Each structure stands twice: as structure tokens, then as C-alpha cells.
Amino acid sequence: MAAAFGSNANAQSASQYSNALDSHNSIVTNHTVPPGPGNPATGANFANSPEVLDPAGSITGVGQQIAFVQTGPTTAGLGLCTGTLINPRTVITAAHCLYTRPADQYGSDTGSGGGLTGPLATALGATSGVPLSFGFGSTNRCLGVAVNGCAAGTGAYEVWRDSGFSTNVALSIYNANQVWYNRGAQPVALGGGGEFGNGDIALVTLDTHVQDIPTWTLLFSPLDGSTHTTMVGYGGAGVGTSGIGSLAGIDYRRRSAENMIDALMSPYDFVSSPAINGPGTTTFANLTHAMYWFDFDDPNHDPNNLPANFFLNTSPVRNNGYYDFNGLGGSALPHEATTAGGDSGGPLVVDERWDRPVVAGVLTGGFSFNGGIGTYGEFSVYPPLFLFWQEIVLNNPYVYASARAGIRDWMDPNHWVQDMDPNYAIIGADGELLNGVPDTLQGGADGPVGKFGTVCFLEQSCQDVVGPGNPTGTGEMIVTAGGPGSRNFVPNNVEPLNSADPALHRRARYYDVTLDAIGETRLNSAVTIDRLTVDGLLTSLDVRSGGTLNVLTDFTMGRGFLNVDGRINSGEALIIQGLLTGRGTFNPTYLTSVDGAIAPGGVLGVGTLTVQGDVVLASGNELLIELGRSTNDVLRVTADPAQATTGIINLGGDVWFTPSSAGGGPRHGNSYTFITAAGGVTDTFDAVNGFLGILRPQVTYAATSVSVKLKAGSFLDALFHAPGLAPLALALDEIRENHYASLYGLYGEIDLMNPSQLMGAFNALQPTSLLDARGLMAMQDGGFATTLQNRLALMSRSQDGPIGLSVMGAPNDVFAFSGDSGISAAGDLAFGSAFAQTRTVTNLPNGMTGFFSGGYDEDRVSAVSGRAALNADDAMRTWSMAGGVEQNFGDFTLGVAASYGRGHALQTEAGARAENDLAQSAVYGVYRFDDGLYLSGLVGVGTSRTTTERRFMAGTLDYHMQGETNGSIALASLEGGVNFDLAQGLVLTPRVSIQQTQMRMDGFTEAGGGETALAFDEQVYNRLEARFGVSLAGDFSLAAGWRFAPNIDVSAVSNLAGDEDGVWARFAAVDDIPFYLPGQARDDLWGEVTAGLALSRDQTSIALRLEQSVERQELYDDRVVARFAQRF
């Protein structure tokens, strides 16, 4: 509990001493830091301690304000303060550093008055306003090597002054173009509030975006207790001992030291405490606004052993009294210091509480009992930022803006929202530091504050300072007009117009834009911003042909899409990831693509993208180049003398070549220049790739360009995994060497195909319809042979042989559908034919017998053509009619027969069709021996008429090929067996047979196919098969009028000679390079099982049939079918 003044004999107060407490606008260190070079008499040796003086060349973001103020025709003075960079365009400092002049008068190029005139203007250049700058170097003005470490006249200040007050980025000195300050502390005579330290805050706008200099975070929440701080400034230097203080003066060097923020209180709280003047004092009664305080503690302070000059001044020149009564408690830190003249506006840095330092206030001045000369016992005060946060936000010219989701024009005010400034901070509920602004309105100078601190005099008369407490918010941030959360604006830099007339005055606005929302921003006009970031997976910026985007500093692309058909001017551009396209001009100082992709022209479309600057393609970059028949994408790199770039490109990463979709694709043998660089080409690509089919890009590097030549690879290599296509692939490889022009159009399409497309094209080039035609012929011949063999089997039975004229199959279906009309339903009709029973319709004279048969058939798998139907429409379908007569000559029966069949086969996916007509005749007979033994045989011949159609589609090619040819067929077979009659009318027949078939097709040339038309030689196909099998068949009556007809056949089949021969063909346009397309390889030995049964009575029939192959590798068709029929 603080003791009240007069409560005991030892109670004391500062009011007992004659010296009054003064306020003043005056780094003065303690005398225990390691001294550096300098005069001990002025304390310069301690001020230059390496633990206080910032290292030469260091840049911290704290800078020195230098105002060049004309004082006479040939003379000028300098206004010196300290300020802190809070964003790339803004410095926060103290209002009192500037308020002696109207804010609109500042700015050498933009001020409305107070500029240089007369001889001084002649020497340095006339200005429209008061020149004002901030230098961020460790030393801003050079006074001589012995004085402040650099040759006189060579500092940043001198360069700024002598260059017409222009920013010099290299020396880190920046010219100001606008000023705002709070007028609460401005003298009443100047129109202000006249209250010391009240809202003593100013913002200075810089005319150039600052890069590579740290910016500082502003704390918009109050501290709640004693906190460590670092103070930084360019003010007067010295040591805290009596009579010296800041005697070393200002040497334009930056210093930093430490202290403890001991209190948050008003000046009146301080002086009205028992330790100072006591309650009821009228001193500073009007200074009721809270400020942060710290004092300058003497490391040797001993309240029980005070020096003789305690509150005693004996010097008429410089106060030499000792005034440290430890007014705020605590003890000296190792590097403790206080502030002095020139430190005003410097930051109160809270540096140890969180993971990053924050600025809680700016220096307004101090209180002392000796005129503020910087000795022990002095107090420094800082108006806190949290009380004025809305004014700071409102007048901050630097805006962080982002686009909302959606597709809109850049100039649409509804497209934008102001983001949270990353340097705005508040304290969270758990004491953590958060990026944000408060949820309460600013309190202003006299707003409610949770005060803290203790005021004592020599550890006595202590009193705690307490306040009404901080206001409680809603938890929702306050949106201040022009601050985070604001809407209805367009990011387009506004340069300031300073005027005393508020109607003419224009505030500066500079924009830092981020595009990261889903959508596209379209620019069709001219816009200028300070900085741009594109970083969204589905974010796009489209600078159209009428658009110009000026980005004054860096442009960073994290992710997303950027199309430049207009122009972008920027500082250094970095593509981390993302895609850059366009036909316009990108003008950065440097363009570096780390892991991005660059596609001149566009993803789909050839064009030239110009980069006016130097380019670095890192190892992760992908350069995407489209190649057309005679055009190609170009990345054009040119010099920009204005930015001192020569147009160099350093290569790396991968280059990918793709065919253009317009104007015809690239061709074998074509060459293209796809990079030009005025300043030269260095290094090479890490890898060269292409989506160019079999065309292989060969890149050549020249001094100022990079070119590619396309050379075709091998189709054979590309299709190594498809051996059936190898002959055609080899032929096309050979044709390219000597007959490229003959198939120029075909190569132009297939050269660019990927493996899957290439397989499809090669399959379309294959004469599959011709193989289908051969399959149809074999199917039709097989049907006729099977009919005759079934007839011979019946004739081989001496007792159950044929009688009269029999009808077999379903010829009535053929008549009903007029042949071709039933083809589409062949599958269903074949089902009925398979179960039709042989029936005798009439007797023939002279013991003759005969048959008439017909029906439809369908195969979805063909060993002859080597394919299986991919769908129901792709089956092979035929219809046929056959008839024959036989004459019995005792044990020998001889017959003649003829047939006609017609069928077609479709391959809808390949656009192929085949039709075949086959007319055949045959002589057949059987000789019956005793005991059921028989020998049968047949010989037949036939002629065929075949038509084929194929379609080849690829790119611009669409060919319809038609072919027509004649053919013939010969068939011979011999069979021997024994019929064993079993009970119930069943017959068991073991047998052995041999069959020879030969099919021939005349050679022909396809019509209508252009370059893809094929010519075929004569095709001959032979097959010799042996069979050994046994069958069980019968037809007998059951009870209730039912008839039962079983049929089982089991055979082993051996292929004695003949594969499914392939086709010799050649392109019609190139007749000297034939190629062989192999047919279906056949098995050597396999088994076949056929079983069926039928039940019938009157008009009702039920049937079941099974066809199964065993140990067969070639294509075959296993079937299980059932049928129920009811006639009405």
C-alpha cells in the first residue's frame, strides 16, 4: 500500500524540492555499458558502445525523419525525429515532429506550400512543398569519419538533398509525399488542442514502395502491467550521469537500448500522487490522457546514500543536479537508457512478451526536473496506439485488398474486400497475440483505460495507479471505413493531392492485392497497384488485350492461372506454382519460375508471349510449346533498358511440345524456333518431352535462340506390345523413308497419336472386313457341309434311313423374311432352326429320297476371322437354302445337292462391314456294310461374291473404302463309322473322319480410300482336319403322346494342316512395299461336345442345346440355349 504524503516522519515528495517537473520533447545510455570511441566529457564514449550503437549498415525498419526547412534565402534547418515503417508506404511517428506546419505543405513534389525559393531553390531545385524524408540506414548523414564513421557529405541525406529531394532506394532514404497528424497536441495558436502528448501520432506516406526493409506490427490493445521494452532512435546521445546527459548531441546514427514500461497513466496521475505534488495539485491538471511511462534508473542508485547534488544544481550552464528518486520503482537494466531530442516519434517496442516485437506507442517526449537533458531520473512518455487505432486505420494509405469469389471485371467495386493488415495486432483472451483490430471503438485521448503502475519517492510515499478499466467489446471486430472489411472500392493507386482546401485535398491510396478466391478477375483497362499476389488453386487473372496492369513492386504467383494478352509491368516476378499463358507482354525486372508452367499463346492456341526482362526457368518449371504445321508458340525475351535488363534467359526444368489444334499439326522434318532472347541463352533444359506421338523433338541451343526439329520415331517400337500390328507398323516405317509424300496426309494424323489412339488407327487400317468375309464364307460352307453330313449320318442307317422328301431346319423362316430381311434377327431365328426336327412331307418316285433345308445362323465368335463380337450388332449372320436328292442302289446311296447362302458381318466400332454370297453344289454318298458299318463321303465346289467396306477417321481424314471380289471354295470329306442300335430307338455311332477345305479370293484394290486404300493379292485358305468321335441319337415315343429326341456328340479334333492364313496387302499408293497381316493361329488338338434334347406333343415343344469346346485356345463360341414353343 503506498504511503500517503505526511503519514510518517520519513515520508517525502518531489514537491519538497524547488525544481519543478517539466515536460519536453527531447539514446542516452547508462554509464555501465562497455564504452566505445568518443569524448568522455560528452558521454559519446558510452553512446558509441557496441551494445548501444546499431551496427553500421544495419536496416531495422526504424528510420530518421529529416525535414528540410528553409529559414532564409540561402539557409535552411533540419527537422529531425524518428519513425517506424509499418507497411511499404507508411511511417508512424509523432505529430509534434510535423505540426508546426499544415500537413498539406509537406512533400517536395506534392506539398501545397513552404517549398524552396530564391537562391536555395536555384542551388537545390525548387520544390512545391517542404521536403521531407525518412532514412532507414544506420547512419543517414555523414559528418566525417572521426565524427560518425563516414566521409563528410557522402550520406543518404546529402544524396537525397542534392538529387532534388528524390528517393534513393540503394541508400534506403525515401521521400515523403503526404502527411497526416492528430492535432490534439498541436498548439492552440496553430489550431490544435494544445495538450501535451494528446494523440501525438502522425502517419507519413512515402512516394516509393519500400522493399527489403522490415515493417513493424502495431499493438491496438492495452498492456496490463510492467513490460520489457526496446527503444530505438536517432536522437541526442550521451550518458545519464549528472551534467552530461545528451551532451554528445545528434550524430545521425541509430541507437537502441532497453527499459521497462512501468506504468500506463496520465501526467496528472503522476504529479497528483503523494510522491510528487500530492492530491489536489493543479499542475498538469489538464493532462488527463493516459500514456505509457518508463524512467531512467541509475545503476548505482542508493536511496540511503544520495549524492550531495540530489536535486541541487550549481552550474549556470548545464544543470548538474542529481534527480533519480526511482519514481516508478524497479532497478536499472544492463542496457538501460532514456530518450533524448531527435528520438521523438520512435517506437515503444514490446519485444519479449510474444514471438514477434510489436509497437505499443510512439515517443512524445518526457518529464524531468532539469529541463530534459537526458540524465538519470528522467521519465519518457508514449501515447498508446490503442486509444487512437481507428484514426490510424482510417489514415493508413496502404490497403491490403483481395478479390471475392466469382467472375468479375477488375473495375467492379463489388469484386473487392479490404483484408486485415498483417501488421495490426490485438491481445487475445488468453494473452496471445492475434492479427486483428479491436472489437471496441477507439477511446481517444480520454477514453477508459485499465491503468497500472506505482509512483514513489525514494521507495516511500508509494501509490498505485489504477483506472476505470478497459471497455468490453462484442467479440466482433469493428469495421472502420477504409479499414479491414471495407467494400465498394477498386484497387487502383491514388497519388496524393495536397491542398489546404478539403474539397481539393486527395488522400493517397496504395494497394497490395491478393487474388486467392475461386473465380476469375478480368482486366480491360489500365490499373496501377503496389504489389500483387495470385495464390489460389482455382484462381485466374486475365489481363486482356486492352488491359495494362502496372505492379510497382513484386508480383508473386503461388498457385492459379495468369493470362497476359495485354501488358503487365512489374518489379521482380516469381512463379512458385501456377500457369502463365498469353500473347501479350510481361515486363518484370526478373521473371523466375520455380515450379510453375509457362505456355506462350495459351493452353489451346499458338502465340508469342513477350517477357521484357531477364528470365530464370528453375528446375521445376515446365515450358509448354504448341507446334503447328507452319506456326508455333514462342517465348520472346527482350531487353528493358529502363530496368537495366538485357533479355537473358537461363534455362532449366522441362520443355514439353504438343501439337497445335489449329492450322494443321506439326510434321516429321519440321523445324521451329520457340525461344528468342536478345541478351542470350544460358544453360539447357533438364528434359525434353513431347505429346507428339512418335515424333521426337530434337532441341538445338544457339547464342540467342532455342530451336526444335521433329524426327519421327518407329511405329514398330511404339506398338511393340501389339505384335498383330507389327507388320503394318514396319511397312509404314519403311514407306516413310522413300515414299513419305505418297502418304503425307496419313502420316500427318497418325504421327501425332498417343499409343491408345495409334492402336485404334492401326486397327482401322487393318482389312478386318476382308477377314470377316472369309469368316462368312467358312460359316456358310460349314453350314452346307453340316447339313450334308447330318444327311449322310441318316443315310448310313440301313433301317432308319430317310424316306421321301424331308424338310430340315427352318426354311419357312427364310421364306417368311425374304432372306435378307431376317438377317438382323438371325440370332433369334437361328435359335429356332437349331431345334427344328426333320419331318417327311411327301414320298418320291422310284425309291428316291430328298431333302429341303434352310434357316438363319449367327456366330459371335469366329476362329477364321480371328475376332469376337464386341456387342450384339457385331455378330456374323447368314441365311441359307439347300436341297438335294438321293437314289438308293442297294447298300449304296448317292446324292447331289446345291445351296445358296448370303450373310454379312459388322464391326460398328471400326466402321467395317463385309457381305458374302456363296453358291455351292456337292455330290455325296454312303456305302453300308454289314453289322452297321458304313463309309461316307462328299465332294463339293462353290463360287462366292464378296464386298467389303471400311472407314478410317483420324483428325481431318475421313475415308470410306469399298472392295469387291470373287472367290471359290472346294470341300471334300470322308467318314467311316459303325451304327449300334440300342434299346428304345437309340443309335450309338463311333466314327472317324477327315475333311479338306480350300477357300480362295481374287486380288482387288479398294476404292474411295485415298491414302488409306489397300490392294490385296489373291488370298488362299486351306484347312485339313481329322475327327474321332461318338454320337448318341434317337427319337421315340413316351407316355401321353410325348416324343423324346436326345442327341449327344463328343469329338476329338486334330488340325492336320493349315492355319488361318493371313492377308498380303499393300497401300494402293505405294505398291512396292507389301506387308503381311497374320490371321488367327489355330490349335493342334481340342475337343468338342454337342448335346441336346427335345420333348414334343401336338403343338407344344421344349428343347435344350449345349455347345462346348474343351482345351481350346483359339476363338470359339460356347453356347447353352433352351426353347419353349407353343403353336396356335
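**Entry 1: where two domains meet**

I began at the interface of domain 1 and domain 2, where the rule finds one salt bridge. A salt bridge here is a side-chain nitrogen of Lys or Arg within 4 Å of a carboxyl oxygen of Asp or Glu. I also found Asp 530 in a salt bridge with Arg 89, with 2.7 Å between the closest N and O atoms.

A note to myself: this is a predicted model, where local features need pLDDT of at least 70 and side-chain atom pairs count only at pLDDT 80 or more, while totals for chains, interfaces and linings use all residues. Residues are numbered from 1 along each chain as its sequence is written, and side-chain values use heavy atoms, with hydrogens and water left out.

**Entry 2: the domains**

I looked up the domain bounds, which come from an automatic or database domain assignment. The chain has domain 1 (40-403), domain 2 (516-713), domain 3 (716-762) and domain 4 (773-1126). Seven residues from domain 1 and seven residues from domain 2 take part in the contact, where contact means heavy atoms within 4.5 Å. The C-alpha centres of domain 1 and domain 2 are 49 Å apart.

Next I checked the buried area, the accessible area (1.4 Å probe) that two parts lose on being put together, summed over both. Domain 1 and domain 2 bury about 560 Å² between them, with 40% of it on carbon and sulfur atoms. On the domain 1 side, His 209, Gln 211 and Ala 403 supply 61% of the area buried against domain 2, more than any other three residues.

**Entry 3: Arg 1000 and its partners**

Which residue forms a salt bridge with Asp 1002? I found Arg 1000, with the closest N and O atoms 2.2 Å apart. The side chain of Arg 1000 also meets Glu 1018 in a salt bridge of 3.3 Å, N to O. This second pair links distant parts of the chain, with Arg 1000 in strand β62 (residues 986-1001) and Glu 1018 in the loop between β64 (1014-1016) and β65 (1019-1034). Strands are DSSP runs (E, at least two residues), numbered from the N terminus.

For accessibility, buried means under 20% relative accessible area, exposed over 50%, and partly exposed in between (1.4 Å probe, protein chains only). Arg 1000 is partly exposed at 25%, and Glu 1018 is partly exposed at 48%.

**Entry 4: Val 939**

Is Val 939 buried or exposed? I noted Val 939 as exposed because its relative accessibility is 53%. Val 939 lies in strand β59 (residues 933-954). Not counting residues up to four places away in sequence, Val 939 touches Ser 921, Ala 922, Val 923, Leu 971 and Ala 972.

Methods:
Helix = DSSP H or I, 4+ residues; strand = E, 2+ residues; numbered from the N terminus.
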